[in-house]
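Visitor: Can you walk me through this one? I'd like to start with the ground rules.

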Amino acid sequence: SKQQLIERRIADYIRTNRGRGIQNAAALLIDTRSMDVLAQIGSADFFNAEIQGQVDGTRAPRSPGSTLKPFVYALALEQGLIHPLSILADAPRTFGEYNPENFDREFLGPIRACDALARSRNLPAVELAAQLRHPTLYEFLRGAGVKLPRSESLYGLALPLGGAEVTMEDLVRLYAALANNGELRPLRRTSRDPIASRGRRIIMPEAAFLTLDMLNQPRPEIGAAYSDQAAPVFWKTGTSHGFHDAWSIAVFNHYVLAIWIGNFDGRANGAFVGRTAAAPVLFQIIDSLRTTWPEPNEPHLPPPGANLKRVSFCAVSGDLPGEHCTQQLEGWFIPGISPITQCDVHQEVLVDAASGLRVARDDGTRQLRHEIYEFWPTEMLSIFQRAGVARKVPPPFLPGTDPEVAARMGNPPRITTPAAGQKIMLPLDKTIPLLAKTDGDVGEIYWFAGRTFIGKARPHEVFSWNASAGDYVLTALDDHGRAGSCSVIVR
Ligand SMILES: [Zn+2]
C-alpha cells in the first residue's frame, strides 16, 4: 500500500541521513479527488521514545517556514496586484520595526513574481502580503479553518514567512484547494466519512491555476533549465526560523504529499533546510508512487471555462510590449483583474551621432540617430544599482537642449583648465589641455566648444582639444547630465 511504501522510503532516508542529524519525519499523502488520506506517518518510529515517536507530526502545530508563501501570491493574483511576470522589488526595506531579510541575506533587485515565489524570496512576499486586502493572508487562513490563536497585528508581517504555527493537515488541505480549482474540502480519514462533492471556494480558480503553474519548478537535483511539462510536480519548501523544521510539499497527478523533518523536542539543526533535507525524500516518494501505481501524467492546463489569456509581455518590464520592446516572453493573465499596462520602460530617443548624447528634437543642424533606452522610475533604478545590475539608461541631453539638464542633483563639473575668461595663445601643435573637477559619481565627461562636440574624457583625465583661433564657450557635461561652462579666447 501507499502507507507501507512511504514508511519504507522514510525509514531508508533516515537511515542514510542519520549522520546529518536527521532522525525524525512526518508525512501525509492525500488524493485530491476524494480528499482520502492515503498515507499518514506521524513519526519515523512510533515505538521509539527517544524521538517522542508517539507524537503525531501531521497534527502538531509547527512553524511552516515559507510553505504559506504560495497563498500570498494566490491572493495577490486574485486581487489584481500582480500577474506571474510582474516585476517585484527584492530590495532591503523596513516595515515599521520589522526588517525582514532573505534566507541567503542577499537582495536580487527587481525580480519577476514567478521567480520570486520559485526562489522563495522573503522581501517580495512580505511586500505583497502588506498590500493584501479582503482577505489578508490572516483572514484567508482563518477563513480556511486554520487555528490562529493570536490577533492579526500580533503576527504582523512575519505571517508569510512562517510566523504562525500551522499543522501539516492544514497545509495539505490548503494545497489541495490549489489543486481543486480553489475549492477547500475536508480531509476524509475513513470510508464512513462523506465525500464532499463541492467544496467552499477560497481562491478564484484562475489564481489557483496560476499559483500552481508558478510552483512547477525543476527538481532540486536537476539544473535550473529543466522543467518537466509532461509530468509536472508543483512543489514548495519551507525552513522555519532558527532551523527547527524542514518542510516540502507537492501537488502532483491527483495527490498532495507533505514531508516534515525535525525534532519533536524542538532541537534545531543547521541541516533542517527544506530544499536539502525535506525535498529529496519528497521526490523519492513521488518517483516510487509514479512507478508503482502508474497513472497517466497530465500537463497542467487551465480549468475549463477559466478566464485566462496567454499573451506576450515585455521581458524586461513585465508589461504589455510596445513597439520598442525587443525581448518578449509569453505568459498568463486574468482579463479584467491582472494589472495590465503598456510598457513605458522602453522608449526611443534621438541621439547626436557624433557624441551619442540625447537631443530633444531634430533642429536640422546635426546628424541624429534613433536609439532605444530604458526609462525606469528613480526608485527602481536605485534598486537595480544596489543589486549591481546594469541597465541601458538614456544618455544625458546635449548641453543647453533642455531645461531638465539644470534640474539634476549633485554638482555640475567645474572647468579648472583653462581658467574662465582666459586668453590662450594657440600652441604650435594646436592642442589646448582641458580639465574639469567633477562629482565622485561621474564616469565620463563630454567636452563641447560652442555647440560642437569635441570629445570624451574620464574624470581627472586631461583632454587635448584640437583648437583653432576663435571665441568659445567651453562646456564640460557629465554622464548625469550636469554641465559647467566657461568662455575662452583662442588666438
Ligand atoms: Zn518594454
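Guide: Helices (H or I, at least four residues) and strands (E, at least two) are DSSP runs, numbered from the N terminus. This is a predicted model: local features need pLDDT of at least 70, side-chain atom pairs count only at pLDDT 80 or more, and totals for chains, interfaces and linings use all residues. Residues are numbered from 1 along each chain as its sequence is written, and side-chain values use heavy atoms, with hydrogens and water left out.

Visitor: Where does Leu-88 lie?

Guide: In strand E3, residues 87-90.

Visitor: Is Leu-88 buried or exposed?

Guide: Buried, with a relative accessible area of 11%. Buried means under 20%, exposed over 50%, partly exposed in between (1.4 Å probe, protein chains only).

Visitor: What does Leu-88 touch?

Guide: Leaving out residues up to four places away in sequence, its contacts include Tyr-73, Ile-82, Pro-110 and Leu-128. Contact means heavy atoms within 4.5 Å.

Visitor: New topic. What is the strand order in the open sheet?

Guide: E2-E1-E9-E8-E7, with antiparallel pairing. Two strands pair if DSSP finds at least two bridges between them. The edge strands, E2 (37-41) and E7 (233-239), each pair on one side only.

Visitor: How many bridges join E7 and E8?

Guide: 7, in the antiparallel sense. Phe-234 has Val-251 in E8 as its bridge partner.

Visitor: Which helix packs on the sheet?

Guide: H9, residues 274-292. H9 touches E1, E7, E8 and E9, and its direction makes about 30° with that of E8. Axes are lines fitted to C-alpha atoms, for helices over the stretch in contact, and angles run from 0 to 180 degrees between N-to-C directions.
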